[in-house]
Amino acid sequence: MTVSNAGVTTPPGKALAGPRTPDGRSAARAGTTPRSLRERDRSGYLFVAPFAIATGLFLVWPTISGLWMSFTNQSLTGTGSEFIGFDNYAEAFSDPQVWQTLWHTVWFTILSTVPLVVVALIMALLVHTGLPGQWVWRMSFFAPYLLTSAVVSGLSAWLFQPDIGLLDTTLAALGLGPVGWITDENVAMFSIALVTVWWTVGFNFLLYLAALQGIPAQQYEAATIDGAGGWRRLISITLPQLRTITGVIVVLQLLASLKVFDQIYLLTKGGPNGSTRPILEYVYDIGFTNYRLGYASAISYVFFALILVFTLVRLMPARKEA
Amino acid sequence: MTVLRGRGVPGQGSPVAASRTRSWAGSSGGLSRRDLLRAALVGAGGVALGGTLAGCATPSAAGSGKTEVMIWDLFSGGDGALMQEMVGAVAAANPDIAVDSTTLEWGAPYYTKLAMTSSGGRPPEAAVMHVSRLAGYAPGGLLEPFDLDALADLGVTEADFAPAVWEKAQFDGQLYALPLDTHPYIMFNNPAIVQEAGLATPDGKLDLDAVAGADRFLDAGRAMAEVTGETGVGWGYQRDTAGCWRMFWGLYSQNGGGYELTPGRPAELDVEAATEVFEFLQAMVDGTVAAKNQDGNAASGRFMTARTGTMFAGEWDLPMFRDALPDVGATQFPAIFDTPANYADSHSFVLPRQAYPDPAKREATYRVLAGLLKEGLTWASAGHIPAYQPVVEEPAYQELSPQRDYAPAAEIAVFDPDAWFTGGGSDFQTRMGDAMTDTLAGKAPARTAVTRMLSEMDRFLSQPNPA
């Protein structure tokens, strides 16, 4: 829509480039009263100030000071703030635990992102097809998302409890052997991914539902007149129309999953035998339990760089499309 | 106060709005939306600021003429209530002191906070610390040593403590920790089951001889399992890395295990002795003597519902067990191997380093701590063995059952190995527990646990001491 408008009202070229700068058009109008222009400009800064101060204090400054810290042997106990060059980075690259925990984070991201996108899509499609009592479905799919990680972990710890938990007791009643939900190295990460999907799928579901409701009804009407069945409409209209939101959901989900910490820390503390310890818990252990802030910062920055590269690679094709 | 201040600020904001209105009166003839927003913004900022300032003002004893002593502890639940009772008693006996006791959640984060507040220079006057963590704190200058003369003036001397505990509280020839208790890892028992399994002495208590030695212990476990129809011995090792470590280190010490943990050099353990320990534990976790794949909660649940005869746990679980089994028995850790040893730790008081020492506060702190030690009888009711021996020798303590039955554990207490990275709530205990879970679950041979532990120990030894 934007494209056709632009085509009609303005000739192709730079005509819009100037006036399109923020407030450009109104500036031209307000030019007659310069005093109120100044007022307006200053009030803008005022509105931005709280956010700018918070960002500066809690994001920009920590980012810079963390980077500096990663080049020192800073300890939580206050000792050692000498510059040690790239020693921490050298240690990080040769520390098998860094790579092992990084893999755990990636593995969790794979295990959680796929169902979090697919299940959310299926749930949204089902609700959108017009099940009776829409609000009940919407609420029950979204409600777990409102819980805190501590509550979710507490609940699932009781479900997964070895030997006397609800799941194992149910399995035993069915004559099936116990499963080491959070005590078996090969199973624990799946259990954590399962809990995470139940907990956070509601957000993606909501995004999909909103996108579904945004698909123009005429398209379906036209397709129906042309004799397209339900499947054909789903494959040829609904799914292509959801491509953009799927891209957004995948990126948001990847970033959220890479940040995994709470539910693992609370459920298994990284066990059994370190099989679920994500890289952020390793950073936490090194920095806050072992007091090596400098080294912990270096690992954080390695991880940060990896995510940054990944995000840029993911965003670049998206830019081109736009 | 917060409320008043918060209300006052929008008042400060309104003059701004008023002046705006005046200057714009000619053109718009009234209060614009922007003015309202701006006023609201200024007001909100003021409220936030007012709130912060009010929040900063800590309740102060200033004015009442009392010296304020702040103590951090890590006691929640029943322990916490008893500590409050003791603090209350000490405060009543010292009317010139206001004791401000703050309870923080126990675990690794407690020690993170303690290290940070100490390095910040304005820590509490005293804090509770596991004596096993001392090696990581004292060398870094985070703590101040106790003045033995000042303690002696208050009736607290070396002779009042068990040698094992007193020695562990030393660093570099100085006393850095004032032990409050010894809390060993012991074995609880259900007397009814013990008696039915034929493991009791004539007075109805568990006969330690009947569970001494690996074979006899396992036989006893099977006998109790027959009585309960489920398992004989309760031990939850899953998801409890600290519990795994306590069990291993106690048994390893019983098996004469020595160690060499020197930073920069490979760790040394007696591999044969350690492997024997795991062979014993694997034999125990066989589904009959002790349940396979069980965690602490499940084990406690089984023990409290009489589905298992004995239970390995810290003595601090006594109040919980006694609620379910009023006649619950407890003994020191059975002698599975030849050397007498019982894994333990000790809650102790330490003096975090003050950037601005205040002699009056220091003097008051000593009086409060000495007072708390002497309230040890209250503390003992939670199950802990008071470190201050005059309390243990009181007839009242000797009447506490089952406390008196496991009190000998303090005399054979073994603590965590001496190294900066060991101790209660440390990453070290987590890593050690992790290293042995596969072996305990029967998924790896006994030797694997030892190999994994050694490689984890090497990793710690190769890291610099951050303190």
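Q: How much of chain B is buried?
A: In this predicted model, buried residues account for 49% of the 467 residues in chain B.

Q: And how many helices and strands does chain B have?
A: Chain B holds 20 helices and 17 strands.

Q: What share of its contacts with a separation of 6 or more comes from residues 24 or more positions apart?
A: For chain B that share is 78%, counted among the contacts with a separation of 6 or more.

Q: Let's take one strand, S1 of chain B. Is it mostly covered or mostly uncovered?
A: Strand S1 of chain B, which spans residues 67–73, is mostly covered, since 5 of its 7 residues are buried.

Q: Which strands is S1(B) joined to by bridges?
A: One of them is strand S2 of chain B, residues 97–103, which runs parallel to S1(B) and is joined to it by 7 bridges. Another is strand S3 of chain B, residues 126–130, where the pairing with S1(B) is also parallel and rests on 2 bridges.

Q: What unit do S1(B), helix H3 and S2(B) make?
A: Together with helix H3 of chain B, residues 77–93, the strands S1(B) and S2(B) make a β-α-β unit, and that unit is right-handed.

Q: Moving up a level, what domains does the assignment give for chain B?
A: The domain assignment gives domain 1 of chain B as 67–180 + 346–398, and domain 2 of chain B as 186–342 + 426–462.

Q: How far apart are their centres, and how many residues does the contact take from each?
A: Taken over C-alpha atoms, the centres of domain 1 of chain B and domain 2 of chain B are separated by 30 Å. The contact takes 6 residues from domain 1 of chain B and 5 residues from domain 2 of chain B. On the side of domain 1 of chain B that touches domain 2 of chain B, the residues divide into 1 nonpolar, 3 polar and 2 charged.

Q: What about chain A, how is that divided?
A: Chain A is divided into domain 1, covering 21–69, and domain 2, covering 87–321. The C-alpha centres of these domains of chain A lie 36 Å apart.

Q: Why does A:Gly80 count as partly exposed?
A: A:Gly80 counts as partly exposed because it has 19 C-beta neighbours inside 10 Å, whereas a buried residue needs 20 or more.

Q: How many residues do the two chains put into contact with each other?
A: There are 27 residues of chain B in contact with 27 residues of chain A. On the side of chain B that touches chain A, the elements giving two or more residues are helix H2 (33–56), helix H4 (108–120), helix H12 (296–304) and helix H19 (427–440) of chain B. H19(B) gives the most to that side, with 6 residues. The residues of that side divide into 9 nonpolar, 11 polar and 7 charged.

Q: Now the inside: how many residues are in the largest nonpolar core?
A: The largest nonpolar core has 152 residues, and those with the most contacts inside it include A:Ile299, B:Phe188 and B:Phe248. Leaving aside neighbours within four places in sequence, B:Phe248 is in contact with B:Val277 and B:Met436. Apart from that core lies another, of 28 residues, among them A:Trp181 and A:Val152.

Key
Residues numbered from 1 in each chain as written. Chains lettered and ligands numbered in written order. Predicted model: local features only at pLDDT ≥ 70, side-chain atom pairs only at ≥ 80, totals over all residues. Buried ≥ 20, exposed ≤ 12 C-beta atoms within 10 Å, placed from the backbone. Contact = placed C-beta atoms within 7 Å. Helix = DSSP H or I, 4+ residues; strand = E, 2+ residues; numbered from the N terminus. Nonpolar A, V, L, I, M, F, W, Y, C, P; charged D, E, K, R; others polar. Core = buried A, V, L, I, M, F, W, Y, C linked by C-beta atoms within 7 Å. Domains from an automatic or database assignment. Pairing = 2+ DSSP bridges. Right-handed = clockwise from strand over helix to strand, strands pointing away.
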